[in-house]
Amino acid sequence: MLQLLTLSRAARLVGVARGALQKRIRAGELPAFEGMVAVADLQRLFPNAHIEDEATLERYALIKDVAYTRRLRERILPDPEVLAARLTQISRDLARAKGLAEEYRGLLDRLEGRLGDLARTGARDAAELRSWLRRELEQGLRQARETQPLVVEDSVLRIMTAHVRLLPSQHEFFVEGNDTILDAALRAGLALDYGCSSGNCGLCKGKVLSGQVKKTRPHDYVLTDAEKAAGEILLCCHTAVTDLVVEAQEAGGARDIPRQTIVTRVKLVEPLAADMRLLHLQTPRTNRLRFLAGQHVTLKLADGAEAELPVASCPCDDRNLQFHVCRSPGDDFAARVFERLRVSDPVTLDGPRGEFVLHDGSTRPLIFLACDTGFAPIKSLIEHAMSLEAAESMHLYWIARDARGHYMQNLCRAWSDALDDFHYTPLTLENAGTEEERMARALAQVVKDHPDIAEHDVYVAGAMTLMAAAQKVLVSTGLPPEQLFAGYVR
Ligand code: FES
């Protein structure tokens with residue numbers, strides 16, 4: 001019998017991104033059965049997966065942890081009650097499988113005996129059938145021995161994490177440690193509906209269609225008896241005990257994200273370069289910013305100075321928001337950030353706005369083009385894409401007017417060093433020619449590196465000149481216009 005795994009579970013088991021498995025399926029190297037893959041095929045394709053590739057998974061986890069600054073996550077175990085319930089479930093499955101295996105073994109022994117009896121009476125077909133049965137049994141046992149390490153590994157993962165499938169989207173993710181279902185979904189890059197994250201608003205309601213959950217915190221929002229009877233829960237107040245299927249609403253795009261006004265506090269102002277600051281704001285625990293990667297907000301200081309800035313951090317951490325603030329003449333907001341803003345000062349945030357977001361239905365490889373501070377929304381998109389693990393590969397080009405413009409070079413290099421499928425190329429604009437011509441020359445490098453550019457989705461953020469050049473150069477070399485997404489940043 002085929003042992004099938006969901007793509008998410010298979011990817012986790014062999015320690016690669018889901019996009020990498022999808023690529024092997026498209027290439028015909030890994031058979032898929034209604035979105036599932038067989039353990040035996042996985043073992044054949046990744047014979048040493050559980051030994052060698054775990055490191056890749058760890059690197060992904062580490063990068064996501066850095067993006068997820070709400071708490072630097074140690075790999076915490078689920079609480080004892082959850083662990084006990086998962087062990088009980090696995091023991092039940094094991095007992096059922098053992099019972100079935102013994103029953104089939106007995107049946108096969110009896111069948112072999114009957115065929116032996118028939119063969120002794122001279123029936124040739126029976127003798128052939130008996131040898132065929134023996135061969136098949138031996139092959140089955142050999143295959144079972146080969147896949148055993150992966151099956152054991154999968155059982156351990158099932159104890160440590162629970163798998164959640166969302167309906168109607170069919171999105172999948174894992175709940176680790178004592179994460180709530182909502183936190184785990186956000187960490188996986190999904191845009192579930194929610195509001196307060198603390199059990200007050202009821203916006204994160206979801207219906208559990210199968211599996212077992214556990215309440216992790218009390219909530220003020222009251223579910224009606226009818227809702228409870230139908231299996232509805234607050235996803236921000238429950239964790240998964242077993243694998244789940246949950247019906248829940250997700251944002252289909254920027255239009256589904258409500259406009260919010262939140263008074264945040266300055267957590268940190270950190271120099272990134274001589275004329276660049278990282279502004280780290282923190283929302284109240286019960287009023288976090290729901291946004292999509294790539295969107296921007298208006299920030300207003302107590303004295304009225306304001307600025308429109310893209311969020312430079314991942315939506316997987318909706319409480320800790322980062323912005324890149326560049327000093328320029330006549331910019332009052334930037335002047336305050338550089339000279340006067342202190343930890344705990346209030347900053348009122350209004351938003352989010354903008355349609356420059358990741359099109360997560362696509363599994364095409366991604367190219368990101370950031371020009372100067374266009375890196376801020378691109379960073380958010382990259383961190384979101386890493387959470388989704390859906391892209392086959394990513395290539396970031398950071399185009400700066402001078403070498404000092406790559407103000408987070410170490411981070412880009414760290415991504416590139418840590419991940420096999422991430423590439424980083426810093427580019428500096430040449431001096432000669434108009435800005436349009438210089439941008440076009442920088443983009444020529446992109447076209448040279450990617451002669452198959454039509455197979456990619458390209459995200460461009462920064463100066464108008466970059467966007468105009470990208471439109472002209474990339475589309476003329478074959479990139480379909482609907483695969484080019486642009487976000488203007490001053
Ligand atoms: S997000 Fe408000 S109750 Fe869950």
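In what order do the strands of the open sheet of five strands with mixed pairing come? I read the order as β4-β3-β9-β5-β7. My helices (H or I, at least four residues) and strands (E, at least two) are DSSP runs, numbered from the N terminus. I call two strands paired if DSSP finds at least two bridges between them.

Ground rules next. I am working on a predicted model, where local features need pLDDT of at least 70 and side-chain atom pairs count only at pLDDT 80 or more, while totals for chains, interfaces and linings use all residues. Residue numbers start from 1 along each chain as its sequence is written.

**Entry: the mixed sheet**

S210 faces V245 of β9.

**Entry: the parallel sheet**

I then found an open sheet of five strands in the order β18-β17-β16-β19-β20, with parallel pairing. β18 (422–428) and β20 (484–488) are its edge strands, each pairing on one side only. From one strand to the next, the twist averages 15 degrees. Strands β16 (366–371) and β19 (457–462) run parallel and are joined by five bridges. L369 has V460 in β19 as its bridge partner.

**Entry: α13 against α14**

I stayed with α14 (464–476) and checked its packing with α13 (435–449): the angle is about 50 degrees and the axes are 9 Å apart. The two helices are therefore oblique to each other; that word covers angles left over once under 35 degrees is roughly parallel, over 145 roughly antiparallel and 65 to 115 roughly perpendicular. Residues that α13 gives to the contact include M439, L443 and V447, and α14 gives, among others, L466, V473 and L474. Contact here is C-beta atoms, placed from the backbone, within 7 Å. I sorted this contact by class and got ten nonpolar, one polar and two charged residues. For the classes, Ala, Val, Leu, Ile, Met, Phe, Trp, Tyr, Cys and Pro are nonpolar, Asp, Glu, Lys and Arg are charged, and the others, Gly among them, are polar.

**Entry: α1 against α7**

How far apart are the axes of α1 (7–14) and α7 (124–160)? I get 10 Å, with a packing angle of about 110 degrees. That makes α1 roughly perpendicular to α7. R9, R12 and L13 of α1 meet L150, E153, D154 and L157 of α7. By class, I noted three nonpolar, no polar and four charged residues there.

**Entry: domain 1 and domain 4**

Last, I checked domain 1 (1–65) and domain 4 (366–488), whose bounds come from an automatic or database domain assignment. Ten residues of domain 1 are in contact with ten of domain 4. On the domain 1 side, α2 (18–26) and α5 (54–67) are the elements that give two or more residues. That side divides into five nonpolar, one polar and four charged residues.

Technical notes:
Contact = placed C-beta atoms within 7 Å. Axes fitted to C-alpha atoms, helices over the stretch in contact; angles between N-to-C directions.
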